[in-house]
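This briefing goes with the sequence and structure shown below.

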Amino acid sequence: MADLLGQVHAAAEPYLSSLSSRAVQDPSALALLAELGGPLPASGGEPSEVIERLLRVGTAAGTASSGPRFFHFVTGGVTEAALAADWAAALLDQNAFSKISSPFAHEVETVALGWLKELFGLPAAWGGALVASATFANFTSLGCATHWWGFQHGVDTAADGLADLPRMPVLSSGYVHASARKALQMLGHGRNAVMVCARDGVGRVDLTAMRRHLESLKGGPAVIIANAGEVNAGDFDPIAELAGLAEEYGCWLHVDGAFGLFAALSPRTAHLVEGIDRADSIAADGHKWLNVPYESGFALVKDQARLGAAFGMPGAAYLPGPGDPGAGYALFGPESSRRARSLPIWATLAAYGREGHRTMVERHLDLAQHLAARIDAAPDLTRLADVPLCIVCFRATPPGVTDLDDFNRRLGAALLADGRVYAGTTVYDGQVALRPAIVNWRTTEADINYFVDVVRELI
Ligand SMILES: *Cc1c(COP(=O)(O)O)cnc(C)c1O
């Protein structure tokens, strides 16, 4: 077994040291994927050969999304401490289900959640759970909101579901993320439950319309989703104003801060999340700006008891129930058996601390401004939005092109086919645009300059 692990260890150094210079995706390496298929082996192969093949194909054909030039979606890398701790999590193979299945994993998760609350300036009394992603953090948070809302109507939705209830009103701006809708879809409300109150084509919130809808509910309970960091340009809903509405009308305020919550780490951007401590729940990601491996998200919930009420799982005599001293995080979130995803979070926070994370966030803020300046200086590029955080929304506008949407769609496809750098397209206020996001600890100014050069070369 140690020899097999040695094979992985031997592959690590060349792979990691290639990340700063290799293409994000080498299109010619994808032919290697054919080596992985075929029928299920009848009696199996030599494990060392199996692992050799997996590493050879993976290190060549894998997407270097943990490298410094992957600006698509919002994709962080993996810090050194987090990667080593993730290997440790695989080695120890803990089940972070309960205090009985692993007191160690339970304690690391408790410490990691406490440190995350400290990092973001949130009260220690809040509850929380580590989950697989921000999608699941939205699910967990809105699951708590659902339970709260049912309770206002005298129904325990965890026991009896939604059948005896009207449709749960959910209000948000046009910034609401697809995964919040997906969470509502998984919770049985349907993704169309969201009443979007937007005042323009960008999706900025229309507070007057939101107030009007809240008035029309005549005091009935509702859920407001505030968006801290939207995906096209990194803009924020006015969280304090939404908190004010939520308090005035007795609503549950949920904040989707998948990456935008990290604005709290710098005095330069903390104003963007002002009022977030007035929320009832917050969803965020570890595998984006915290730079820990997939799958890592977390939900933080003001009323700790609500997590157990919504996600507790009473009724199986062989399992610890809620209130049992052996119970654990499986009763505070959607999963039962789960890996110790707390280890990389704990390790990266322990290794780099509050200052390390602030410094990284501020470096990314600077790099985003540098990218904005490079775009502003280029005659064939036009920036479409301000850059409050880490995303730069722009498009190519070479002279003589009449259909700019089609041109930029093809530019986006050409960028991915080329593979040296990655960024994705979106539609911003009706215009097809590129939206590189900078959240990887490895990214330098040279990577940003290289990105601009490749984009302009492909125009
Ligand atoms: C990425 C993102 C999500 C979903 O996160 P996953 O980790 O991919 O599930 C939700 N909300 C926002 C604002 C995001 O940027």
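Helices (H or I, at least four residues) and strands (E, at least two) are DSSP runs, numbered from the N terminus. The model is predicted, with pLDDT of at least 70 needed for local features and 80 or more for side-chain atom pairs, while totals for chains, interfaces and linings use all residues. Residues are numbered from 1 along each chain as its sequence is written, and side-chain values use heavy atoms, with hydrogens and water left out.

**Ligand site**

- Helix α5 (residues 134-152) gives the largest share of the shell around the ligand, 3 residues.
- The ligand has 14 residues around it, and Thr-135, Asp-256, Asp-285, His-287 and Lys-288 come nearest; a residue is near a molecule or strand if one of its heavy atoms lies within 4 Å of it.
- In the side chain of Thr-135, an N or O atom is 2.5 Å from an oxygen atom of the ligand.
- For Asp-285, the distance from a side-chain N or O atom to an oxygen atom of the ligand is 2.7 Å.
- Lys-288 has a polar side-chain atom 2.9 Å from an oxygen atom of the ligand.
- On its own the ligand has 380 Å² of accessible area, of which the protein covers 84%; accessible areas come from the Shrake-Rupley method with a 1.4 Å probe, and for residues only the protein chains shown count as cover.

**Helix α3 and what follows**

- Helix α3 (residues 80-92) has 13 residues and spans 18 Å from its first C-alpha to its last, close to the expected 18 Å; the expected span is 1.5 Å times one less than the number of residues.
- Ala-81, Ala-82, Ala-85, Asp-86 and Ala-89 of α3 are buried, where buried means under 20% relative accessible area, exposed over 50%, and partly exposed in between (1.4 Å probe, protein chains only).
- These buried residues line one face of α3, because they fall within an arc of 135° seen down the axis; the arc is that of the directions from the helix axis to the C-beta atoms.
- Glu-80 and Leu-91, on the other side of α3, are exposed.
- The buried residues of α3 pack against α11 (342-377), contact meaning heavy atoms within 4.5 Å.
- Asp-93 is in the loop between α3 and α4 (103-119) and counts as exposed at 63% relative accessibility.

**Ser-342 in α11**

- Ser-342 belongs to helix α11 and is buried, at 1% relative accessibility.
- Apart from neighbours within four places in sequence, Ser-342 is in contact with Ala-105, Val-108, Glu-109, Ala-112 and Leu-130.

**Helix α12**

- Leu-404, Phe-407, Asn-408, Leu-411, Gly-412 and Leu-415 are buried in α12.
- They lie on the same side of α12, because they cover an arc of only 140° around the axis.
- Arg-410 and Ala-417 are exposed on the other side of α12.
- The cover over the buried residues of α12 includes β9 (394-396), β10 (425-428), β11 (431-434) and α13 (445-458).
- Gly-419, which follows α12, has a positive phi near 85°.

**Backbone features**

- Most residues other than glycine have a negative phi, and most peptide bonds are trans.
- Asp-93 is not a glycine, yet its phi is positive, about 45°.
- Phe-73, in the loop between α2 (47-61) and α3, also has a positive phi, near 45°.
- Tyr-294 and Glu-295 are joined by a cis peptide bond, with omega about 0°.
- Glu-295 is in the loop between β6 (281-285) and β7 (297-301).

Notes
Polar contact = N/O pair within 3.5 Å; in protein donor to acceptor, adjacent residues only side chain to side chain.
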